[in-house]
Amino acid sequence: MSDHTVKSYDDDLASLKQMLAQMGGLAEEQLANAIDAIAKRDTRLADIVIAGDEKIDALEQQIEEKSILTIAKRQPMAQDLRQIIVAIRISADLERIGDLAKNTAKRTHAISEQMPRKLVSGLTRMGNLAQEQLKNILDAYARNDADKAISVWRSDEDIDALYNSIFRELLTYMMEDPRMIGPCTHLLFGTKNMERIGDHTTNIAENIYFLVHGKAIIEERPKKDSTSTTNYNLIK
Amino acid sequence: MDASPQMPTLSKVPRILNERETKIVASDVNVYYGEKQAIKNLSIDIPDRAVSAFIGPSGCGKSTFLRTINRMNDTIDGCRVTGDILVDGKNIYDRDLDVVQLRARVGMVFQKPNPFPKSIFENVAYGPRIHGIAKSKADLEEIVVNSLKKASLFEEVKDRLDHSGTSLSGGQQQRLCIARAIAVNPEIILMDEPCSALDPIASARIEELIDEIRQNYCIIIVTHSMQQAARVSQLTAFFHLGDLVEFGDTDEMFTTPKDKRTQDYITGRFG
């Protein structure tokens, strides 16, 4: 798209986009470290993640302030207005992703001593998938690529499907050995966090689609998370 | 609606609210100023009882087209109009059409308020008197009071109707001009940048007034303020270099315009 007659308007929008890219980069890093920390039971790394969440929160606030100021000053229309609204929405999703990474890292402390390593592999796999989703969606945003956003949006069902199988796996461990209930519950929350991160990337995908096309995605998103209706007795 | 010569009385025919019929149909309109073509093959259907906004950069032809609707262009030397403009099905460029009557049906409000150097009362009474709308003095007074009320000016001037119209503030003068336009029972009101000489509060009062009266008239407003067009109109037309680029629902024009030129213009990316 061509430039605005008023150059500083372009600067305002560019700086919003840049702040969001920075926030996305931080969220990616936090997520990667959180998964690493819990996989290696590295409490030092976990603490770095916990402390690092502040930066993401601060960026979200800056994006919000910049957005409000830009709306007030420029009275944006059409795509420009969507650009700003979408920046506010995406920053909220990234902030939540940061929180979920932090929460996952926190659990490193709770499980560090007692847990056999094999238990954590499901969470790591989920984490890697969520990381890939996040990377792809940030890429799609940087390029205003609605097609890529749609493909990320669709692939969230892979995360959901994996979450179902890990959920069942962890339940089985817990039934086999009640001493595993503690750590497995933490792992279950950790994997649920990854599943939630997947959902936030689909929110971002919907926003990218709206940004580009000016309308919402009409199709129903395929959802494969069936854990909320999974009966304990059926697994047994 | 019948477009017979007894036009001024026609708007007294009760109108059903919220029913949008087409009021003006323009087809293949071309306007030339000497050699220069200001409007190119323009066709548009403008609805009744709604506000249509014309937007576009200076020189795009929006004001030129506005002036064709009450044949104000007739007064400009070298200006030539081809094509058809139908108001209620009647071509206003027909030879037998009475232009004075047409202008009573199609009122106009200009960029700068232009009250007559007469009293507030006389400003409003002038039109009904020359068009023979008032049957008695009491009738005339009623028309003046009602017009001033419709233009949201009455409360401010009721104690000084004999004061000069030019003694009012800019915003009040513009509302006086709207009252003057309304007084002859027009069906169409053309507004050529009616707020460009007013401060934001006076502009807001005009916008509020447009909103109040829009159910009774076909209003066309030319404005350079996109925000104003977005706020006051139900339909928006974007003009560029003599072409009508896009005409559609205001909500869509300012959120998801179809044409790239419209998008560039409304987002401030032009030129």
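1. A residue is called buried when its relative accessible area is under 20%, exposed when that area is over 50%, and partly exposed in between, with a 1.4 Å probe and protein chains only. By this rule F116(B), with a relative accessible area of 26%, is partly exposed, and Y126(B), at 35% relative accessibility, also counts as partly exposed.

2. The model is predicted, so that local features need pLDDT of at least 70 and side-chain atom pairs count only at pLDDT 80 or more, while totals for chains, interfaces and linings use all residues. Residues are numbered from 1 along each chain as its sequence is written, chains are lettered from A and ligands numbered from 1 in the order in which they are written, and side-chain values use heavy atoms, with hydrogens and water left out.

3. Chain A has seven helices and zero strands, where helices (H or I, at least four residues) and strands (E, at least two) are DSSP runs numbered from the N terminus. The radius of gyration of chain A, taken over C-alpha atoms, is 20 Å, close to the 18 Å that the globule rule gives for 236 residues, so chain A is as compact as a globular protein of that length. The globule rule itself is 2.2 Å times the number of residues to the power 0.38.

4. Of the 236 residues in chain A, 48% count as buried. Among the contacts of chain A with a separation of 6 or more, 84% come from residues 24 or more positions apart, a contact being heavy atoms within 4.5 Å.

5. Over all chains there are six aromatic pairs; rings of Phe, Tyr and Trp (its six-membered ring) pair if their centres lie within 6.5 Å, and planes under 30 degrees apart count as stacked, over 60 as edge-to-face and the rest as tilted. In one of them, the rings of F65(B) and F239(B) have centres 6.2 Å apart and planes at 35°, so the pair is tilted. F65(B) lies in helix α2 (residues 62-68) of chain B and F239(B) in strand β9 (residues 235-240) of chain B, so this pair ties together parts that are 174 residues apart in sequence. F65(B) is buried at 0% relative accessibility, and F239(B) is buried with a relative accessible area of 0%.

6. For F116(B) and Y126(B), the ring centres are 5.1 Å apart and the planes stand at 65°, so the pair is edge-to-face. F116(B) sits in the loop between β6 (106-109) and α4 (120-130) of chain B, and Y126(B) in helix α4 of chain B, 10 residues apart.
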